[in-house]
Amino acid sequence: MGALKPWHIIILVVVILLVFGSRKLPDMARGLGRSMRILKSETEAMKKDSGNPEEDGDVRAEPKHTREPLDPPAPVSETVIDGESVDHKKTR
């Protein structure tokens with residue numbers, strides 16, 4: 001009951017021909033072939049790139065410099081409120 005019979009394939013081909021037309025099918029097949037070639041070449045490139053970067057001489061594997069932490073900010077000696085400096089001695 002769930003198997004694909006030969007007459008199912010014939011009906012499917014006829015419906016596709018009616019929907020897309022006989023002129024569009026070769027163009028669609030070419031486009032599909034190009035897409036498959038691109039996909040294959042990209043997956044092969046990804047497999048090649050996923051190797052050990054040190055063996056391949058990849059300079060991106062290790063950073064060229066090390067970052068040192070920044071010095072903490074100096075404490076503020078005066079308080080500024082609404083753009084005016086406030087002296088703690090005068091306000092207390």
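Ile 16, Leu 17 and Phe 20 of helix α1 make contact with Lys 24, Leu 25 and Met 28 of helix α2. The structure is a predicted model. Helix α1 covers residues 6–20, and its axis lies 9 Å from that of α2. The two helices pack at an angle of about 100°. Angles of 65 to 115 degrees count as roughly perpendicular, so α1 is roughly perpendicular to α2.

The protein contains 4 helices and 2 strands. From the N terminus on, their order is α-α-α-β-β-α.

The unreviewed UniProt entry places a transmembrane region at residues 6–26. In the model, residues 6–26 are 86% helix and 0% strand.

Charge pairing was examined next. Side chains of opposite charge can pair when their charged atoms come close. The structure holds 1 salt bridge. Asp 27 and Arg 30 form it, with 2.7 Å between the closest N and O atoms. The cut-off for such a pair is 4 Å. Both residues sit in helix α2, which spans residues 24–49. Asp 27 and Arg 30 are 3 residues apart in that helix, so about one helical turn separates them.

The accessibility of the two partners was also computed. Asp 27 has a relative accessibility of 48% and therefore counts as partly exposed. Arg 30, with a relative accessible area of 46%, is partly exposed too. A residue counts as exposed over 50% and as buried under 20%.

The protein has 92 residues, and buried residues make up 0% of them.

Methods: Residues are numbered from 1 along each chain as its sequence is written. This is a predicted model: local features need pLDDT of at least 70, side-chain atom pairs count only at pLDDT 80 or more; totals for chains, interfaces and linings use all residues. Side-chain values use heavy atoms; hydrogens and water are left out. UniProt positions are given in the numbering used here, feature names are shortened, and annotations may be inferred rather than shown by experiment. Buried means under 20% relative accessible area, exposed over 50%, partly exposed in between (1.4 Å probe, protein chains only). A salt bridge is a side-chain nitrogen of Lys or Arg within 4 Å of a carboxyl oxygen of Asp or Glu. Axes are lines fitted to C-alpha atoms, for helices over the stretch in contact, and angles run from 0 to 180 degrees between N-to-C directions. Angles under 35 degrees count as roughly parallel, over 145 as roughly antiparallel, 65 to 115 as roughly perpendicular and the rest as oblique. Contact means heavy atoms within 4.5 Å.
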